[in-house]
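Please consider the following points alongside the sequence and the coordinates.

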Amino acid sequence: MTLREVFKGWIEHYFSDEEAVILLVLLVLGFAVVILFGRMLAPFLTALVIAFLLQGGVNALTRRGVPHLLAVTLIFLAFIGVLLALAFILMPLIWNQLVGLVQETPRIVASGQRWLDDVQERYPTLVTPDQVQEWIAVAGRELTQFGQRALTLSLASLGNVLALIIYLVLVPILVFFLLKDREQLVDFTLSLLPQQRNLMTRIWQEMDTQIANYVRGKFVEIIIVGTVSFFTFAFFGLPYSALLAVLVGFSVLVPYIGAAVATLPVAAVAGFHFGMSEQFLYVLIAYGVIQALDGNVLVPILFSEAVNLHPVSIIVAVLFFGGIWGFWGIFFAIPLATLLKALVYAWPRGIRQYHDSQQSVELEQSTEE
């Protein structure tokens, strides 16, 4: 069998169905639009994610007999309340702590240098003076660049201010209409698809529940982990507790890697504030308990419908989609990897079932004749 025959057989097996070809074209076009026009469509995509997150609340109210419009209005007002609380309570607190951290940078560098000098005196064969100076220089450069980026962010340009205003105005409006007119928008989208869409329907039914559980579960996980971390850090008197809690909360977006990355600033701030004391050890133990409870208790409860993906697949998906779409790529890395897995498993079965159904119809027609 020649290579041409092998390739022809592969094409006939996987793309002989018109629906499969249309689905492939739609997937390619969808990815291309997001990659090329993702920045322009960012407000709409953000509103779509938020509406998807709030739809569960709307469904819960409508099941209890609340009219659809009233349910949408109540959930939307709750969303606006949370948004205002974040804008006027949490964000100023985080910003003040970030400014304080930048101002403390010289003291942190000096404290780190004293600690390294002490280590070098105790273990002269393990750490040389040249290594200490090199580490101090690298840390100083990194902290200086961090401070410069923070100051640049604080002196936001007019374009950034306008973009923020657009988000604050457009996103809530889009969220309201996506919730209010969901049925009409879904019907319109389905009207653009071919009538024969068994494969698409099967893949969507498999993905819909999983994506909904993932988005809502991940949001709840961020809130719980961030809140518990804040109260834990505040209990031990750790400075910048709100800033570190937000960092720890959002670290759950990146499986495996996020927890390891968030450990570094927590340990650094605790070491600078408490020194190598028992209090420093208690903070690290408490942080380890939070991560252990998150991974072994909270995640299984929130993601009971999660798809079994290998850790290597998850890490590769995070790196790939995060490199393409940034924050949203990291957020949706697992659902997108799940979508690819569902396509791989459903695609051949869908075509075989289609051909089997066609053959059964032809057989019935020939029997009747």
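1. The protein has a mean pLDDT of 76, with 76% of its residues at 70 or more; pLDDT is the predictor's confidence in each residue, from 0 to 100. This is a predicted model, in which local features need pLDDT of at least 70, side-chain atom pairs count only at pLDDT 80 or more, and totals for chains, interfaces and linings use all residues. Residues are numbered from 1 along each chain as its sequence is written, and side-chain values use heavy atoms, without hydrogens and water.

2. Over residues 349-355 pLDDT stays under 50, and the model has 14 contacts for them beyond four places in sequence (contact: heavy atoms within 4.5 Å). Where pLDDT is low, the predicted coordinates should not be read in detail.

3. Six aromatic pairs are present in the structure. Rings of Phe, Tyr and Trp (its six-membered ring) pair if their centres lie within 6.5 Å; planes under 30 degrees apart count as stacked, over 60 as edge-to-face and the rest as tilted.

4. Phe230 and Phe231 pair edge-to-face, at 5.4 Å centre to centre and 70° between the planes. Phe320 and Phe321 also form an edge-to-face pair, with 5.1 Å and 75°.

5. Is Phe321 buried or exposed? Phe321 is buried, at 4% relative accessible area, while Phe320 is partly exposed at 49% (buried: under 20%; exposed: over 50%; partly exposed: in between; 1.4 Å probe, protein chains only).

6. One aromatic cluster is formed by Phe76, Phe79, Phe176 and Phe177.
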